[in-house]
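Visitor: Could you walk me through a few parts of this one? I'll ask as I go.

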Amino acid sequence: MWWSAAIFLAIHTVVRLVLRLDIGRAVPPGLSDLRLFATGLVFDLATLAYVGFPIVVLVALVPVTGRWGKLGRLSIELACVVLLVVLLFVAVAEWTFWQEFQTRFNFIAVDYLVYTTEVIGNIRQSYPVATLLSAIVVATAMLAWVTRRWRRVDDDRTLRGARIAVPGAWALIALGVTGAVHADLKDGSPNAYANELAGNGIYQFFAAYRAASLEYDRFYRTIPDALADTEARASVATPDATFLHPTGIARSIHNAAPERRLNVVLVSVESFSAEFSGTYGRAESLTPELDRLSPQSLVFTRLYASGTRTVRGLEALSLSVPPTPGESIVKRPHNEGLFSLASVFNAHGYESEFLYGGYGAFDNMNYFFGHNGYAVHDRTEIPRSAIHHENVWGVADEDLYTLALARFDQAHDAGHPFFAHLMTTSNHRPYTFPEGRGPWKQHKRISAIRYTDWALGDFIRRARTHPWFADTVFVVTADHCAMSAGKAELPAFRYHIPLWIYSPAHVAPGRFDGLAGQIDIAPTLLGLVGLDYESRFYGVDVFQSRPERALIGTYQLLGLLTDQRLVQLTPHRRAETLAPAMVDDVPQPPVAEDPELTLRAIALYQHAARDFTSGAMRIDRVAPSRRH
């Protein structure tokens, strides 16, 4: 057991040191290092209480003398080698996860274990798996050989009572750790990187698993439901809205402009930060095609994503709902028949579709969209002969657009206006795409961004040759940013996404410089095409009432962002007011609380969580959708 503990602590200390060196000056040296390594040791010891328990039980139960002694000693040796392999494998996994997300294992890692096909395929296509596994085997053999004397099992003359007492004491320690150590005890620094380094990846993985379902009323600060309702109604009250009931946010939206029955194509681009584009100030733009569309487009300069996962973006774009804690609504049970953007278009005679470049079973996308008013189509409908390139996440964006163009032609030929939500995949690791589209190296994020932009430009050029083009509104935005981590727990600059609305014949070009959130896209879009409808959206048409706020979050942290303040709601019923990191990667110092802003934040998140769990987001009848 001394050997197991020493190996465990040594490997995790080395991992923490390597990650600390990788993050560099993002964590100031000095007392921060002392704290994160000391706190890290506490979490490592807490994790050891769980990880070491099987070895304790094995040593206590297996005989090492007599008839079965040789077999017993072999089984203990084998268990130690397996433990060593697992610890080294986890260490390598932590490194690759950190490179992608700049965090220890979290809710994303838990999600990834559910979708093993995509995740294992992504790893195989992104990393030299054979080399890494070989290195793990070699390192295991070397460490096992060098430390073999420390594992020597001599003739066992331990008293029988100790065979019961030691595992029993160890079990009590593990139970004590469960009650005394919580994942948020590491969060004692204003620097989020330092907090992540202070944790233990294995411990945080299981903590994230336990927190997969967070009940708002149980974990977050609440106010009386009547007050939450009043505040939520005030946040969505606009000149074009008439509330339908004395309580709730259901309202009738009357658009002063006539209904134009324009086609709408909404493209949510995978991991597409505003900072990639020259339109948003990048000196060497990675998006020349979109930049060329900017003078003819309505460009939103200060739009913020709801979350850091694709499902959060899809939730915001389709339901216009704040990012409630725990799992996204896209993946929760009882998410059928919700009021959605498609339900509005369907009520006006549109054909609504969701088209995805990957397999729509991933993240429950096909089920969610198919049960909320959309006809769903994914890569399974694209003939192999028509695929220019594919990887584990999906087909090349240009092949998704080819599928979409064919679907649009069918709707147009049938005399129906169409609404289509397209979700791309090319700008995702392993960052591969068809050869010959540009002088870009494979497996590079910058190259994938350039290809993504090229494919969008090619899509618009091809669409111009179709008869429905002149009466179509193209909306290009992102599901979330490419990076999510920063020194702040909710680094606002990591949520800044682009938005182009392009329809030269119908939408006047210009810039909207007000602060807005991803949940405002759906009602703003409906306002631009002139539809009257009954709304249950939490977002607003920004041309009716400038929201000057955005709702951003992770699976645990819930934020209401303004130019000067970020109200951050956390479990254990805490509400903090911080200075938002709008531009640079800096920590968030506390600032003076605005009680009205705190009240509004609590009200919106509490109201949205209550409406989903109570079924108030459902509609009585959902327009039928054709599910693939």
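Visitor: How many bridges join S15 to strand S16?
Guide: Four bridges join S15 to S16 (residues 558-561), and the two run antiparallel; strands here are DSSP runs of E with at least two residues, helices are runs of H or I with at least four, both numbered from the N terminus, and two strands pair if DSSP finds at least two bridges between them. This is a predicted model, in which local features need pLDDT of at least 70 and side-chain atom pairs count only at pLDDT 80 or more, while totals for chains, interfaces and linings use all residues. Residues are numbered from 1 along each chain as its sequence is written, and side-chain values use heavy atoms, with hydrogens and water left out.

Visitor: Which residue is the bridge partner of Gly-553 in S16?
Guide: Gly-553 has Leu-558 as its bridge partner there.

Visitor: And what is the strand order in the open sheet?
Guide: The order of its four strands is S15-S16-S17-S18, with antiparallel pairing. Strand S15 (550-553) and strand S18 (574-578) stand at the edges with a single partner strand each, so one side of each is left without a neighbour in the sheet.

Visitor: How do S17 and S18 pair?
Guide: Strand S17 (residues 566-570) and S18 pair in the antiparallel sense over five bridges, and Leu-566 has Leu-578 in S18 as its bridge partner. The two strands form a hairpin with three residues between them, and His-572 in the turn has a positive phi of about 70°.

Visitor: Switching to Thr-598: buried or exposed?
Guide: Thr-598, which is in helix H20 (residues 595-614), counts as buried because its relative accessibility is 4%; buried means under 20% relative accessible area, exposed over 50%, and partly exposed in between, with a 1.4 Å probe and protein chains only.

Visitor: What is Thr-598 in contact with, leaving aside its neighbours within four places in sequence?
Guide: Thr-598 is in contact (heavy atoms within 4.5 Å) with Val-567, Ala-575, Thr-577 and Glu-593.

Visitor: Now the other end: why does the span of helix H1 agree with what it should be?
Guide: The expected span is 1.5 Å times one less than the number of residues, so the 22 residues of H1 (residues 2-23) should span 32 Å, and its end C-alpha atoms are 32 Å apart. Just after H1, Gly-24 takes a positive phi of about 60°.
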